[in-house]
Amino acid sequence: MNIEKSREQHVRSKENAIKYGFWLLLMFFLTLLPFLLPNPFYMRLVTELFIYGLLAMSLDVLLGYTGLLSFMHAAYMGIGAYSVGIFLTYVEIPPSLWLSFPLGVGIVLLIALPVGWLQVRTGGFAFALLTIAFGMMYYTLVWKSRDITGGDDGMIGIPKPDITIGNWSLGSTGDPLIMYYFTLFVVLICFLVTRRIIQSPFGAVLEGIRENEERASFIGYNIRRFKLLGWLLACCLAGVCGVLFTYLKGSVSPTMMDATAGGAVLMMTLLGGLGTLWGPFLGAALFIFGQDFISTLTEHWMVFMGLAVMLLVLFMPKGIGGMINQFLEKRQSTKGE
Amino acid sequence: MMPIILNTENLNKKFGGVSAVFDTTIQVEDKKLTAIIGPNGAGKTTFFNLVTGRLRPTSGKVFYKGHDITHSSPHKLAQIGICRTFQINSLFLGLTVFENVRLAKQAKVGGSYKVFSLRKNLKDVNEGARTVLEEVGLQDKGSVIVSKLSYGDQRALELGIALACEPKVMLLDEPTAGMSQGETERLTNLIKELANSRAIVLVEHDVEMVMAISDNISVMNQGKIIAEGPPEEIRKNHLVREAYLGEED
Amino acid sequence: MQGEVVFWVQSGLNCLVLGGLLLLIAIGLNIIYGISRVINLAHASLYALGAYFGYTLVTTGINFFLAILIAPIMVAALGAVIERVIIEPTRERPMVYSLILTYGLMVFMDGMLKYIWGDAIHFVEVPAVLSQSISIAGIPYPFYRVFILIVCVVVMIGLALLLEKTKLGMAMRAASNIPEMVSGLGINMKLIHVSVFALGCMLAGIGGIIAGPLFTVYPMMGGEMLISCFVVLVIGGLGSLKGVTISALLVGAVQTLGFIFITDYAMVVVYVMMAIILIFMPRGIVGEGKFE
């Protein structure tokens, strides 16, 4: 018994070492990437990938871990983006990171709280329908408020704040290199914190709700409250994405929060793998590159996307991340024998 | 006679015009095994659903230790000590056996808002979960994903989850449904033992099993209680025999 | 006649027409959900398909009235295939998956409509007998819209007869109440599922082909109809034909009048209505089943 246990531990620590090694290598590579591709266009592209990866991850928190489906999650990124955009454009002070960042996320939470409170009284499809209803309401509001938001045209030329610590400035968010590292830093922190939360006893409750909502309720969990907390976490992350997006692009438009955008995020998360947390980053990258690539061949890339979703649900419901996890687990179990 | 821990008063449930449960008054003694038997469709599961907050009664009341719990939600009931199992397994299929029980134990012991701790560091919860697994005989299957368990093991887990909540009253809905002879015996012994330290309310089809282990039996037919009493009395009761005519295995 | 009276009568009739169409499409969804427990997000795309089929049939010279019979059958056939190939495999899985799946189907179908028929708006020619204007108590009104109402009523009656009087219909109704028992009675559940789905799609197809000449045929027509459909379903509740009818008329009225008076915000009112019902009255105004 003791021999088996220590052998099992030996194998597991070896697997862990490989995992850590892989992530370390990845971080190393990402840190060096701007110097391998000194072109600011590519830096901005990868930065955008980080942001959408985080957005897809936030939907994974909602759907993959809490089991709540949203067709318009991009709306909360939009709210964050517009909040920051409006603040930086209209408020007559030097653009401030320390004011605009919390403001953007704060406004998202302010809206997500009552809406979420109403939504979690339902479940399943009713919940999904409500996300569409509210999402479309936000979109209409933004679209119609031409004077403030620029309506269809959106806003451009949004001032870019500097990243400051005390009186010392690290650089401007307008600088592609600085923005790249800033985004990488923020996204990494968000990922690690979220991962910790998911692995915590709190995260376990979310998983329980996803697996069997009724039973979770019957063993004593106030599922409405936990669903709301899971929802707030997901929306908070989406808000962060919105803020970063505005810093990066200096512009916002309603298309970032319409029905198509909502569907796109869902596809990214699905592609990457529900319930993996890291998978959606991969999914976002694949989706964005895939969309770009297919668009060069045909204008009917939506046909492929729809088909991809169907095939994923039918044959690879755990997405690519899930497949990789499964593959690794199989190797681990055969090695352990 | 032990103190009455759970009782109902004139409990009624109507679906449309049909009375599923009619004017039902039942008293459950603490640390005793009360069984509810009756033919199919007698209203036993509906009664369970009323008492455990899954359904709203049309009228009537439910009391726990004297407190009115008629309109309490299921999670509140579980928190104060009323837990149930389901006739059709209601498990966390995608999670491991250990996690199923651990989750239930965590609901009772606490720790659900510790967002930055690790699950394995909740010592009390983990210890408690391990103990429950031993009690239901699943200690070797802790890391198995529930969807891969045999039916008998799933049924045992069904009980284990409710047990982990440390209930004062356990309502078991046909716990041995579909189990083999050996498995049924094992589970029956466990239930009998559990009745020493808490109130058990059992809905069952296996009349012989019920006769063997119950302290009190209530017989339901067509939504009403037609007989109540210890097993020997029920055995002799002609109303009960009538209700079961053709239903005996 | 006073201009105002004319306006209100015409608008009122328009409300009825839209309501009738919504009813036709929403009933299909309702039946599919009530009996098979499937929510098909691509339902409105099948409605659009019916419109496109209608357009193609008419432009290749087939009599419009004949097309109204043919197009829905084509849509129903496709529906049967979809049910077998796509829906059936995911029946046992959590609903989230079938929602995402049919969402993918919707995106795929809407994309295919664009691919096959192009981006442009298509006009459908109706026979002269339908395209005239008639006089209702002195008020002019396009006869085609009255025709739509007639079709709706006829189809509803036909549907009621099917469900009440035929064996298949009764099996369907039984399946909606006690699915486990139905398979025990030897009724082929697979057949029920396919039939119900095909029936629902057929209804959507009928809605599509008669809506085509009214709305014109364009790729977004499915997407625009989809949310209205679900609002009708939610407000009306499940399992209640009466509820869906009232709801369809209500939503039809709100949408029609909304577009006249507050154009851009019309749909917002619809969304708000749906949200309120979903949150506070999950059974809908009349329905029995909970929409989950």
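This is a short tour of one interface and a few aromatic ring pairs, with something to select at each stop.

Before you click, know that this is a predicted model, where local features need pLDDT of at least 70, side-chain atom pairs count only at pLDDT 80 or more, and totals for chains, interfaces and linings use all residues. Residues are numbered from 1 along each chain as its sequence is written, chains are lettered from A and ligands numbered from 1 in the order in which they are written, and side-chain values use heavy atoms, with hydrogens and water left out.

**Stop 1: chains A and C**

Show chain A and chain C together. Here 36 residues of chain A are in contact with 37 residues of chain C (contact means heavy atoms within 4.5 Å). About 3,300 Å² is buried between the two chains, with carbon and sulfur atoms giving 83% of that (buried area is the accessible area, by a 1.4 Å probe, that two parts lose on being put together, summed over both).

Now pick A:K144 and C:D264. Their side chains meet in a salt bridge, 2.4 Å from N to O, and the rule finds 1 salt bridge across this interface (a side-chain nitrogen of Lys or Arg within 4 Å of a carboxyl oxygen of Asp or Glu).

Next, colour α5 (124-144), α11 (259-272) and α13 (301-315) of chain A, the elements that give two or more residues to the side touching chain C. Helices here are DSSP runs of H or I, at least four residues, numbered from the N terminus. Which one gives the most? That's α5(A), with 11 residues.

**Stop 2: rings in chain A**

The structure holds 27 aromatic pairs over all chains (rings of Phe, Tyr and Trp, the last by its six-membered ring, with centres within 6.5 Å; planes under 30 degrees apart are stacked, over 60 edge-to-face, the rest tilted). Select A:Y52 and A:F245: they sit edge-to-face, 6.3 Å centre to centre with 75° between the planes. A:Y52 lies in α2 (residues 40-65) and A:F245 in α10 (residues 223-249) of chain A, so the pair ties together parts 193 residues apart in sequence. Both A:Y52 and A:F245 are buried (under 20% relative accessible area by a 1.4 Å probe, protein chains only; exposed is over 50%, partly exposed in between).

While you're in chain A, highlight A:Y76, A:F127, A:Y138 and A:W231, which ring pairs link into a cluster.
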